[in-house]
Amino acid sequence: MLKKWTRAAMLIAILFCVASQTRLLHSQDAPKRVEITAKKFSFTPGDVTLKKGQPVVLVLKSEDVPHGLSFRDFNVNIKVGAGKTVEAHFTPDKTGDFTGHCSVFCGSGHGSMALKLHVVD
Ligand SMILES: [Cu+2]
């Protein structure tokens, strides 16, 4: 009787190990989610670091008026409506420091609405 329980407990322990390892593998495969909030006249966070070659999902949320976010170096231009959230997939293919700009005119501070992007190896 006791042996049976021990075996069952071991089996459960093994299953847990396998399950957690599978989850770990999956989280490595899944694109990294980067949430960015746009609000007159800044992005939060204003600084983002990504890994070259790692797929990311940019989740851009506007807290007020329509905004955009464009990275000319990566051919990325996302536009988001007032109060909306949009997702865009992209994979940085070069390292360096880049600047993203708001691509939808949103008022007097629009020109200075920028986000720093660092791509590392
Ligand atoms: Cu703008």
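User: Which residues of the largest nonpolar core touch the most other members?

Analyst: The model is predicted: local features need pLDDT of at least 70, side-chain atom pairs count only at pLDDT 80 or more, and totals for chains, interfaces and linings use all residues. Residues are numbered from 1 along each chain as its sequence is written. A nonpolar core is a set of buried Ala, Val, Leu, Ile, Met, Phe, Trp, Tyr and Cys residues joined through C-beta atoms within 7 Å. The largest one has 15 residues, and those touching the most other members are Ala38, Leu60, Leu69, Ile78, Cys102 and Leu117.

User: Which strand gives the most to this core?

Analyst: Strands (E, at least two residues) are DSSP runs, numbered from the N terminus. E4, strand E5 (67-71), strand E6 (76-80) and E9 each supply at least two residues of the core. With three residues, the one giving the most is E9.

User: Is cysteine 102 buried or exposed?

Analyst: A residue is buried if 20 or more other C-beta atoms, placed from the backbone, lie within 10 Å of its own, exposed if 12 or fewer, and partly exposed in between. Cysteine 102 sits in the loop between strand E8 (96-101) and strand E9 (114-120). Because 25 other C-beta atoms lie within 10 Å, cysteine 102 is buried.

User: Which residues does cysteine 102 touch, not counting residues up to four places away in sequence?

Analyst: Contact requires C-beta atoms, placed from the backbone, within 7 Å. Alanine 38 has cysteine 102 among its own contacts, including also Leu60 and Leu69. For cysteine 102 itself, the list is Ala38, His67, Gly68, Leu69, His110 and Met113.

User: In what order do the four strands of the open sheet run?

Analyst: Two strands pair if DSSP finds at least two bridges between them. Strand E1 (residues 32-39) and strand E4 (residues 56-62) run parallel and are joined by seven bridges; one of the bridge pairs is glutamate 35 with valine 59 in E4. The pairing in the sheet is mixed, and the order is E2-E1-E4-E7.

User: What is omega for the cis peptide bond that joins lysine 40 and phenylalanine 41?

Analyst: Phenylalanine 41 lies in the loop between E1 and E2. Most peptide bonds are trans. The bond between lysine 40 and phenylalanine 41 is cis, with omega about -5 degrees.

User: What is the phi of asparagine 75?

Analyst: Asparagine 75 is in the loop between E5 and E6. Asparagine 75 is exposed, with 8 other C-beta atoms within 10 Å. Although not a glycine, asparagine 75 has a positive phi of about 60 degrees.

Notes:
Contact = placed C-beta atoms within 7 Å.
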